[in-house]
Each structure stands twice: as C-alpha cells, then as structure tokens.
Amino acid sequence: MAQTTRKHVKLKLSALILMIFTSVFGFTNIPRAFYLMGYASIFWYIIAAVMFFIPFAFMLAEYGAAFKDYKGGIYSWMANSLNPQFAFIGTFMWYASYIVWMVNVGSGIWIPLSNAIFGVDKTQQWSLFGLNGVQTLGVLAILWVILITFVSSKGLDSIKRITSIGGTAVALINIILLVGGLLILFLNGKMAEPLSVKALFVSPNQDFTTMIAIFSFLVYAIFAYGGLEVVGGLVDETENAAVTFPRGITISAVIIAAGYAIGIFIMGAFTNWHFAFTQFGDAQVTLGNVAYIAMNNMGYQLGHALYLSEAASIQVGQWLSRYMGLSMFLALSGAFFTLIFSPLKQLIEGTPKAIWPRKLTVIKNGVPINAMRIQAAIVIVIIFAVSFGGSGAKAFFDILVSMTNVSMTLPYMFIAFAFLGFKRQTAIKKPFTMYKNKFATYLGVAAVMFSVGFANVFTIIEPAINGDWAKTIYSIAGPTLFGVVAWWLFHRYQRQAAK
C-alpha cells in the first residue's frame, strides 16, 4: 500500500468528545421531540438510551480500547471478533448509507444558513446564473463537497479544527436553551407547559396518542442516538487510546443522554405547546422548521418575561432564531467533516487491500486521498442528477433515501452480535471492561439487538400500514442490494486470493 504521512497531533479527550458530540447529538431532536410528544418524549428518550445507546456505547468503548492500534474501526472490530466476511458486509452496507446522507445534507445545509442570514428559509428563491432554487442549491452542494473534500484531504488536524467549532456551537446553543429556559422559569415563576403525571406520559399532540404513533416516536428516539460508531475510525488517531477513547465514549454517552432529557424538560419552561405550535407565527409547523419556531418563541417569551415591548420581544425571538440557524450550520459542517472522512477510512484502511484497486488504498496525510476524491465524484454526480434531472430524479432520490433508512442502522446489530465473539476471544487483550460477566454481556447485546431490530422492522412496515408499499419494498431492497454487492466483492477477493 502506497503511503505518505506527515506528523500531526493526535486527538486529546476534549477534541474526541467534541467530535462525538457533533456526530451524534442533534439539537433539533429536542424541539422536535417536544413538538411530537411534549414532556412524554422524555420517557421514550430514556427508554431508547437505556435499551440502545448506553449499552451500545459501552460496547464501542470496549472495542476501541482493545483495538486501539487498528485503523479499520468497526470493520476491524467485527473481523477480529467474528469473521472478515460478516464484518465486510456490515461495514459496506453502513458506508453506502452515508453516501446518501452526504447528498441530502449537502443540499439541505443551506437552509439553516439562510435562517441565520435572513431569519427565514429563502433558499427556494436563491438563483445563481439564472438557475432555479433547486438547481442553485445543487450547485452550492457540489461546491461544498469539493471544499470539504479538499480541506479534509489535508489530514485530521484540519478536520479536528472544524469539528471543534461545530461541537462548540452545539454546546453553546444548549447552554442558551438551559440558561434561557431557567431564567424564564425564574422570572415567570411557573412552567409555560403545565407539568403533571399525565403530561409525562401523554402527548399534547393529538397525532401522537395512538400506539402506532407512539411506536414510530420510539423509533425516532432510537435513531436520535445514531452515529456513535462513526468515531470508531478515530481510535488509532487518539492519544493514549486505550484510556482516552473509552473515557471519551462513556463521558459523551452520559452527556448526550442527559442532554436530551434535560433539554426536553427545559423546553416546557418557555413553550406552551398549544400557543407555540398552533398560535405563534404564521408558518405551518413541520419537523424541518420546528426548531426555529421553538427558539423564536423562546426569545419572544424571554422578552416578555423581562417586560420588554411586544416589538422588542419579537426582535429577540428573531435574533435567537437566527443564531439557531448559524449554530445548526456550524454543527452540520462539523458532522460533514467527520462523516466525509471516518466511514471511508474504516472501509478502505480496515478491509483487505486486495478488494480495492491499488490507487484507492493510497494514504496521504493520514487519509485515503484518492478514495476521498472518488467518493466526492460519486456524491457530486448524484447531487447533479437530483438537482437538474427534474421530477424523475427527485423520485429516484426518494427511493435512495428509503433504501438507506435501514442500511444506516442495521449494522448496529452486526456490531452488537459480533460483541459476543469479542467477549469469547480470550486472545484479545481488553484493557477496558464494562461488561464484567456473561449475563451482563448477553443482556447488553439482547437490548441493542431488540431495540434496533424493532426500530428497523417498524421502519419497514410502517409505510405499508399507511398504504405506501413501494417505500416498504425499497426499505427491504436497500440493505439486500448493498449486502449482495458486499458479498460479491468479498467473494471475488477470496477467489483471487486463492489463485
């Protein structure tokens, strides 16, 4: 394997935590959860954390400490714990879903930037060179992917700086939520949304009172904790990895789980559900804009709590909504820098080199430089086709999204299942152990397998329940197709190796 390196500073604990934070924690999940389920969302977020996120995080912490010198992240973990073919199929399926993520976010990241600049989403009115809004966003997305690929190709030091900014922005918006909410509560002397035992279990949203709707929210809560496995590719880039990596994972998991629960509760200090989501403002509330509406309402309520005029309170709300847009732009930027590099690094550096053309395995500045360029080209081609291809291309992209919904999280089950093999392998040195005995191991694996399995099964059947059989079929076809391609690639490699 061709390799060119330069010396760079390894990740310290604080930088690792910020990278984990930007990859996993989505601030918008807090106002979205409150909009969908009110205080009742706290219970389901805790269930998702206990059943999936915390046990899964402990598994990754053990994996990372044991395989601290391996570059392949989740592939290396599964291959050494179980077998390489199993690991390759799971890793390839997982990587393919991030290609579609990059296409989606590359075009969507401009919406929070528009909110930051103008206070509202004006992206559909943007025009470059006479192009319409969708095409203009496509051009911006292409330029964005080129820029991020160029900067990331300079190595982890460049990526670390950007993700640190993104992580700091996410931390700051949470501090604003916490301090602002507590200040409003102190000034008003009561919660804006009445708190009761019933409120902790029953949603104020009439669309989320049936069992099917509640199950769909539980799926949403589980997926809100997704992305932790991405940092598996950073183990070998972490200073004193055997200690720092599991500590970073554990601290981040606790902060993220607690952050969601506390954030949702604080929302009730300044958000009266019926006023904020049915009377405040003219815009129809959607999952896309609810975070901006919620923060706008927070500023408005803060203004009134400080006895400002109506006009001044409106201004405070608009500026808080703008900061929300800036914060989300920086957070998504940080996540993009991590995700354009880490999944590909795990796929290329972890898997057998003979699977790939020789040029794809060239490492420069600590990153697979040529593979990153090919990845950028694939993402750009899809963005161009979707942006300029008309309604048929948009339908094609909707199909891609449906195909990757399950593919992104199904590998969590692969990782959890391989953990059984990891614990059985006495030859693997385990400097960090959270699962002290077989019972704890089986319980943790069962919890993750059940919760992720339930979420994926429900994701597949819910569209069919609502009459959208095509989406159900594509949700099954996606991981099946990616799995078959991965199986073919690995068996081709095995045949060539046998010769």
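I'll start with E239, which forms a salt bridge with K12, and the closest N and O atoms are 3.5 Å apart. By salt bridge I mean a side-chain nitrogen of Lys or Arg within 4 Å of a carboxyl oxygen of Asp or Glu. This pair links distant parts of the chain, 227 residues apart: E239 is in the loop between helix 9 (211-223) and helix 10, and K12 is in the loop between strand 1 (3-4) and helix 1 (13-24). Helices (H or I, at least four residues) and strands (E, at least two) are DSSP runs, numbered from the N terminus.

Before going on, the ground rules. This is a predicted model, where local features need pLDDT of at least 70 and side-chain atom pairs count only at pLDDT 80 or more, while totals for chains, interfaces and linings use all residues. Residues are numbered from 1 along each chain as its sequence is written, and side-chain values use heavy atoms, with hydrogens and water left out.

Back to the first pair. E239 is partly exposed at 36% relative accessible area, and K12 is partly exposed at 43%. The cut-offs are under 20% for buried, over 50% for exposed, and partly exposed in between, with a 1.4 Å probe and protein chains only.

How many salt bridges does the structure hold? Four. Another one joins the side chains of E62 and K423, at 3.0 Å from N to O. Is E62 buried or exposed? E62 counts as buried, because its relative accessibility is 0%. K423 has 22% and therefore counts as partly exposed.

K68 and D69 also form a salt bridge, with the closest N and O atoms 3.2 Å apart. Here K68 is partly exposed at 31%, whereas D69 counts as exposed at 61%.

Staying with helix 17, which spans residues 410-424, L410 lies in it. Leaving aside residues up to four places away in sequence, L410 touches M93, N456 and P479; contact means heavy atoms within 4.5 Å.

Last, the surface. F43, L195, V197, L200, F201, V202 and F265 make a nonpolar patch of about 600 Å². Patches take residues with over 30% relative accessible area and no salt bridge, joining like charges within 9 Å and nonpolar side chains (Val, Leu, Ile, Met, Phe, Trp, Tyr) within 5 Å. Areas come from the Shrake-Rupley method with a 1.4 Å probe, and for residues only the protein chains shown count as cover. F265 is in helix 10 (residues 241-270) and is partly exposed, at 33%.
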